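Work through the exercises below with the sequence and the model side by side. Try each task before reading its solution.

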Amino acid sequence: MKEQLYTNNTKQAQFVGGKLIPPGESRTVMTRDIGTVKPTMNVEFILARPVNELESEIELKSLDELQVLLAAETANGNRKGAVKLIEKLIASREYDMDLQEFALSLSDVEDIEALLLLVGEDENKVAMVEDEIARRQEQIKNDNQ
């Protein structure tokens with residue numbers, strides 16, 4: 001992990017690396033170093049499969065492997081069904097990673113109620129924030145006894 005300056009160039013507040021960043025402001029956040037991955041899979045063999053058999057072949061592939069497959073499919077076959085399937089799996093892996101990072105950084109968020117408003121449409125994140133609020137309230141209750 002390394003520190004990196006992140007600037008929110010959007011019109012809405014963003015949650016990045018455990019920090020709430022208002023629009024137009026910058027904060028130093030922790031980021032992961034991601035090196036290049038050399039595929040250890042036979043890309044040509046996998047992509048030679050019919051689209052209806054592709055999901056069972058790639059459903060357990062890592063995010064990096066899926067990105068390699070997407071690039072190869074786009075460059076070579078560019079089958080719409082295969083591209084859509086790979087993109088769906090990539091989005092799922094990215095969301096899972098986002099949830100993991102979100103969960104790990106919750107305890108560092110100071111204004112947890114503001115975060116609840118920010119993640120209002122993501123029911124998984126709402127549940128995580130509500131659990132964190134309940135945990136903090138229980139901690140305060142225990143500290144006051």
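**Exercise 1. What percentage of the 145 residues of the chain count as buried?**

Start with the cut-offs: buried means under 20% relative accessible area, exposed means over 50%, and partly exposed lies in between (1.4 Å probe, protein chains only). By that rule, 29% of the 145 residues are buried. Bear in mind that this is a predicted model: local features need pLDDT of at least 70, side-chain atom pairs count only at pLDDT 80 or more, and totals for chains, interfaces and linings use all residues. Residues are numbered from 1 along each chain as its sequence is written, and side-chain values use heavy atoms, with hydrogens and water left out.

**Exercise 2. Name the pattern that the chain follows along the sequence.**

Step one: define the elements. Helices (H or I, at least four residues) and strands (E, at least two) are DSSP runs, numbered from the N terminus. Step two: count them. The chain has six helices and four strands. Step three: read along the sequence. The pattern is β-β-β-β-α-α-α-α-α-α.

**Exercise 3. Describe how α3 and α4 pack.**

Begin with the axes, which are lines fitted to C-alpha atoms, for helices over the stretch in contact; angles run from 0 to 180 degrees between N-to-C directions. The axes of α3 (residues 63-75) and α4 (residues 80-105) come within 9 Å and cross at roughly 155°. The crossing is left-handed: the near helix is turned anticlockwise from the far one by less than a right angle.

Now list the contacts (heavy atoms within 4.5 Å). On the α3 side, they include L63, L66 and E73. On the α4 side, they include I86, R93 and M97. The residues of this contact divide into ten nonpolar, two polar and four charged.

**Exercise 4. Is E132 buried or exposed?**

Locate E132 in helix α6 (residues 123-143). Its relative accessible area is 9%, so E132 is buried. Next, check its side chain. It makes a polar contact with the side chain of R135 at 2.6 Å (a pair of N or O atoms within 3.5 Å; within protein, one must be able to donate a hydrogen and the other to accept it, and residues adjacent in sequence count only if both atoms are side-chain atoms). Leaving aside neighbours within four places in sequence, E132 touches L106, S107 and I112.

**Exercise 5. Which residues does K125 contact, leaving aside its neighbours within four places in sequence?**

K125 also lies in α6. With a relative accessible area of 12%, K125 is buried. Its contacts are D98, L99, F102 and V119.

Terms used:
Nonpolar A, V, L, I, M, F, W, Y, C, P; charged D, E, K, R; others polar.
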